[in-house]
Amino acid sequence: MSELKRTFRYLRPYAKEAALAVIFLGLVVMLDLSIPRMVQTLVDEGIGNQDMDTVLRTSLMMIGASILSATMMIGNTVFSVKASRGFEADLREHIFKKIQTYSFGNLDDLSSGQLLTRLTSDLNQIRMMVTMTLRMFTRAPLMAIISLSIMWTTNPQLTKYVLLLMPITGVFITLFIRKLQPLFTKTQEKLEELNQVLEENLSGIRIVKAFVRREYEGNRFKSANTNLTEISVHVNQLIGVLFPITLLIMNAGIVAIIYFGGIQVIQGTTTVGTIIAFTNYVFSAMFPIMMLSMMAGQISFAEASAKRIMEVLDTEPEIQEKPDAIQLVEVKGKVEFQNVSFSYREDGGDPVLHDVNFTAEPGETVAILGSTGSGKSSLIHLIPRFYDVSEGKVLIDGYDVREVEPKSIRKHIGISLQEAILFSGTIRDNIVFGRPEAGDDEVIRVARAAQAHEFIMELDEGYQTEVGERGVGL
C-alpha cells in the first residue's frame, strides 16, 4: 500500500460526505455526456431536415441539462470540501498528538522546522489530493468508461483509434510521474531547510541584531531560498513539458477521427452529426489522460508529502511505558545511579556518561558540577526519563525508572530547563502550566518564592496580564 493510500484512511469518518460528493459527480458526468448526443440530434434531425421544432426542443433540453449539471456540481463542491477539510483537520490533530508522544531522542532527529513543514505544506498537499479525488479524479474514469461505451455502440471502427492512443499516453505519463516523485521529495527537503533557517532567525532575531549578524543570516537564508527555487524551477519545467506533449497526442487522435470519419460521411455510412458527437466524446474519453498529465506533478507531490507525514506517524517514541508499569504515589525522593552509562547514539558509541555511581538521599542538596559538555544536563535528564540509560540503572525510592509510569515520575519532579519558554496566555496560565488545578494561594506562594510577585503586582492586570508569544509582552 502506498503512503498516500494510507493517509486516505483518515477520510473514513467522512465517508457519507465523500459518497454524496461522488454521487453528485456521477450525475454531472451523465448530464454532460448527454449533450453531445443532443448535438447529434440537433445537426442531423433539426438542421439537416430544417426542422425548427426539433432545433428549439433540443436546444432547450441542452440548456436544461447544463443548468442541472451546474447545480449537481455545486452539490459535489459542498460535500467534497466538507470531507477534505474534515480529513485535513483530523490528520493534523493526529500528527500533533503523535509529536506530543515523542521522547527527547525523537525530537533530536526531527527538528521543529521539519515538523512544521509536515504539519503545514505537506498536509496541504494531501488535502488538495483528497479534494481533487472527490471533484476531478472520480469524474475522469466515469467519463472515460461511459464515453467509450457510447463511442463503441456508435462507431466501433473509429473507437479503435482512440483505444490505441489511450495506453500509449498512459504509459508516457506513468513514466513521467515516476521521474517527478523523487524531485518532489527533494523539493520538500529544501523547503524544510528554508523553514529551519526562518524559524531560527525569527526566534533568535534579537541575538542576530545584538551580534550584528544580519548580513551572515541574510546570506544563509538566500542560499536556502536559492536551493529551493532551483529545484522548484526544474520540477515545473518538467511538468510544463508533459501537458503539451499529451495535448499533441490527443489532437493527433482528433485529426485521425475527423479524417477517417470524413471518409465514412462521404461514403454515406455515417452522418456529420455523428462525427461532431464522436469528436466531443473523444475529448471526454481522453479527459482522464489529460487530467493525469495536468495533475502528474500534484500526484507526485502528494505521494512525497504522504511519505513524509507517515514517517512522523510511524515513528515510535524511544521511551516506551511498560504495560504493567508501576505508579508512584508517595515519593520520598531517594535517587540512585548504579553503574550508569549513557550515549545519544543507538549503538552506544561515544558515551556522554560512563559508569556513574552516586546516591542522593531525601532532604539532601546535591550539586552536579562540571565544565560545559561534561554531561550534567544529560545526567539530570535520565531521572525523569527523558532519555533511557544505555547501561546500568537509575532508581527512585528503589524503583528502576524504566519500570515506573513516566507520568507519575514527572508529577513529583520540579524542573527548570536550560531554555526558559513562556507560552502565549496570562502570567497565571504560565505559572500553573505544570499543575492546572493549583489555587490562587499556591500561585502567589510560588511567585513569591521566585521573587516575582512584586513585579507581577505592578502590572495593570496583575496575574491576568497577557505575556504574548515567548513573553514579548513583558
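A residue is called buried when its relative accessible area is under 20%, exposed when over 50%, and partly exposed in between (1.4 Å probe, protein chains only). By this scale Glu88, at 7%, is buried, whereas Arg85, at 43%, is partly exposed.

The model is predicted: local features need pLDDT of at least 70, side-chain atom pairs count only at pLDDT 80 or more, and totals for chains, interfaces and linings use all residues. Residues are numbered from 1 along each chain as its sequence is written, and side-chain values use heavy atoms, with hydrogens and water left out.

**Salt bridges**

A salt bridge is a side-chain nitrogen of Lys or Arg within 4 Å of a carboxyl oxygen of Asp or Glu.

| Pair | N to O distance |
|---|---|
| Arg85 and Glu88 | 2.9 Å |
| Arg402 and Asp400 | 3.0 Å |
| Glu403 and Lys322 | 2.8 Å |

The pair Glu403 and Lys322 links distant parts of the chain, 81 residues apart. Both residues are partly exposed: Glu403 has a relative accessibility of 32% and Lys322 has 36%. Arg85 and Glu88 are three residues apart in helix H3 (residues 52-100), so about one helical turn separates them. Helices (H or I, at least four residues) and strands (E, at least two) are DSSP runs, numbered from the N terminus.

Ile326 is located in the loop between helix H11 (296-314) and strand E1 (335-342). Ile326 is partly exposed, at 31%. Contact means heavy atoms within 4.5 Å; leaving aside residues up to four places away in sequence, Ile326 touches Tyr399, Glu403, Val404, Glu405 and Ser408.
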